[in-house]
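Hello,

Here is the structure I promised to pass on. My notes on helix packing and aromatic pairs follow below it.

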Amino acid sequence: MSVLDDIVAGVRLDLAARRAEVDDEAIRALAAATPEPRDPMPHFRAPGISVIAEIKRRSPSKGDLAPIPDPTVLADAYAQGGAAAISVLTEERRFHGSLADLRAVRSAVETPLLRKDFVVDAYQIHEARAAGADLVLLIVAALDDTRLHALHAEAVALGLTPLIEVHDEVETRRAVDLGAELIGVNARNLKTLAVDNDTFGRLAPLVPDDRVLVAESGITGPADVRRFAGEGARVVLVGEALVKDGDPTGAVRAMTGITAATTAPGGQS
């Protein structure tokens with residue numbers, strides 16, 4: 001069993017427990033009663049790199065990253081730094097996230113929020129909307145085509161912006177054929193957890209220019225952002241580097257607005 005398979009198995013168990021407490025009809029009613037979601041795409045399409053700043057306590061590859069006792073404090077710091085969106089991990093077993101974190105952050109900031117999880121069921125999409133999410137992650141590697149298309153359609157019908165995550169050429173073509181407007185290229189292989197920072201540059205040419213590309217994983221600072229901007233990224237999703245930085249507001253601000261043509265002090269590109 002791969003790391004991804006193991007994570008998804010745990011997600012399904014946790015989902016079943018939540019569903020036993022709040023059934024499908026109830027979660028759909030809660031989602032329908034939630035205010036209209038925010039649209040991040042105008043910001044993502046604006047000139048210069050946009051940052052999705054992530055609230056992330058731990059990861060399977062690195063272990064504990066930061067305690068984050070109050071996610072609203074970090075979310076506010078990200079918002080002050082100009083984050084275009086904030087990603088909130090809600091997977092419990094491997095990432096120590098929760099829907100409670102998402103709800104808390106929603107109450108604290110007006111920034112669009114991404115529910116970062118392993119979504120395998122429409123219930124989770126309505127659950128995300130009910131908790132205040134504006135975007136939802138769909139990982140191509142975790143879904144067959146039938147389920148991917150169904151979940152994408154469900155998210156769009158609710159007004160959510162789906163972020164479709166890919167890791168290789170086959171997955172990228174599936175995302176493009178899906179009609180995904182927002183495609184994230186994750187440099188981390190979710191089956192092995194290895195990171196290959198050449199992944200983005202290899203896959204970006206497969207994506208039409210009218211789509212918005214997000215670079216994910218392996219981003220440590222402005223130099224990495226500049227590289228991905230040069231390879232076609234419009235957005236970067238950054239977690240570890242921000243939660244471990246003593247100045248998350250400054251760190252987000254330093255990555256925001258970078259373009260392929262931006263030069264560093266001293267004329268170095």
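This is a predicted model: local features need pLDDT of at least 70, side-chain atom pairs count only at pLDDT 80 or more; totals for chains, interfaces and linings use all residues.

**Helix packing**

Helices α6 and α7 run roughly parallel to each other. The angle between α6 (residues 122-130) and α7 (residues 145-157) is about 25°, and their axes are 9 Å apart. That angle falls under the 35 degrees that count as roughly parallel. The crossing of α6 over α7 is right-handed. On the α6 side, the contact is made by Ala 122, Ile 125 and His 126. Leu 151, Glu 154 and Ala 155 supply the α7 side. By class, that contact has four nonpolar residues, one polar and one charged.

**Aromatic pairs**

How many aromatic pairs are there? The count comes to two.

Phe 95 and Phe 118 make a tilted pair, at 6.0 Å centre to centre with 35° between the planes. Phe 95 sits in the loop between β4 (85-89) and α5 (99-108). Phe 118 sits in the loop between β5 (113-116) and α6. The two are 23 residues apart, so this pair links distant parts of the chain. Both Phe 95 and Phe 118 are buried.

Phe 200 and Phe 228 form an edge-to-face pair, because their planes are at 65°. Their ring centres are 5.6 Å apart. Phe 200 belongs to helix α9 (residues 199-203) and Phe 228 to helix α10 (residues 222-230), so the pair ties together parts 28 residues apart in sequence.

Best wishes

Conventions
Residues are numbered from 1 along each chain as its sequence is written. Side-chain values use heavy atoms; hydrogens and water are left out. Axes are lines fitted to C-alpha atoms, for helices over the stretch in contact, and angles run from 0 to 180 degrees between N-to-C directions. Helices (H or I, at least four residues) and strands (E, at least two) are DSSP runs, numbered from the N terminus. Angles under 35 degrees count as roughly parallel, over 145 as roughly antiparallel, 65 to 115 as roughly perpendicular and the rest as oblique. A crossing is left-handed if the near helix is turned anticlockwise from the far one by less than a right angle, and right-handed if clockwise. Contact means heavy atoms within 4.5 Å. Ala, Val, Leu, Ile, Met, Phe, Trp, Tyr, Cys and Pro count as nonpolar, Asp, Glu, Lys and Arg as charged, and the others, Gly among them, as polar. Rings of Phe, Tyr and Trp (its six-membered ring) pair if their centres lie within 6.5 Å; planes under 30 degrees apart count as stacked, over 60 as edge-to-face and the rest as tilted. Buried means under 20% relative accessible area, exposed over 50%, partly exposed in between (1.4 Å probe, protein chains only).
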